[in-house]
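I opened my notebook today to look around a new structure. Here is what I looked up, entry by entry.

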Amino acid sequence: MATTLQPAVDPYGDADEGEPLTISEAAEAAGMSVHTLRYYERAGLMPRVTRNGSGHRRYTRRDVDWLILVNKLRKTGMPIRRIREYAAMVRAGEGNEAERLELLERHRAEILARVAELQANLEAVDYKINLYRERLASR
């Protein structure tokens, strides 16, 4: 399962790619199923993936890094349409960094609000757990 917190390289920049990966290898490296990877491609979240001579998809390390980021955005609740918007900005290249920053800062604020809500809910659960522990300890 992928544990990278952030992409190691700019997903559309130049990097030493190493050996190309099959769709199964790329999906595993990115911590997702092949089905999810194909869905992300169809949804317009991936750059055009190269194919080998027999037509099989070949993924680069850069592709995997991008997939890891997309997966993290999804797992933190970013809608597909907003990830598609972000991907389009990245593909467009330099000149829209302020818009990218605004999109990610807005998403971060939404994550923090959910974390605060979860923390409050956890406190209620912890209260009940402690209540039952105290009752059982006094028997």
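Which residues of the largest nonpolar core touch the most other members? I found that they are L37, Y40 and W66, in a core of 27 residues. The elements giving two or more residues to this core are α1, α2, α3 and α4. I noted that α3 gives the most, with seven residues. A reminder to myself: in soluble globular proteins, nonpolar side chains tend to be buried together.

**The whole chain.** I keep in mind that this is a predicted model. I listed five helices and two strands, and along the sequence they follow the pattern α-α-β-β-α-α-α. Of the 139 residues, 32% count as buried. I also looked up the contacts between residues at least 6 apart in sequence, and 62% of them join residues at least 24 apart.

**Helix α3.** I checked its length next. Helix α3 has 15 residues (61-75), so at 1.5 Å a residue it should span 21 Å; its end C-alpha atoms are 21 Å apart, which agrees. Then I looked at burial: 11 of the 15 residues of α3 are buried, so this helix is largely enclosed by the rest of the structure. Among the buried ones are W66, L67, V70 and N71. The buried residues of α3 pack against α1, α2, β2, α4 and α5. Just after α3, G77 takes a positive phi of about 95°.

**Back to Y40.** I set aside its neighbours within four places in sequence and looked up its other contacts. Y40 is in contact with M32, L45, M46, L67, V70, N71, R74 and I80.

Terms used:
Residues are numbered from 1 along each chain as its sequence is written. This is a predicted model: local features need pLDDT of at least 70, side-chain atom pairs count only at pLDDT 80 or more; totals for chains, interfaces and linings use all residues. Side-chain values use heavy atoms; hydrogens and water are left out. Helices (H or I, at least four residues) and strands (E, at least two) are DSSP runs, numbered from the N terminus. The expected span of a helix is 1.5 Å times one less than its number of residues. Buried means under 20% relative accessible area, exposed over 50%, partly exposed in between (1.4 Å probe, protein chains only). Contact means heavy atoms within 4.5 Å. A nonpolar core is a set of buried Ala, Val, Leu, Ile, Met, Phe, Trp, Tyr and Cys residues joined through side-chain atoms within 4.5 Å.
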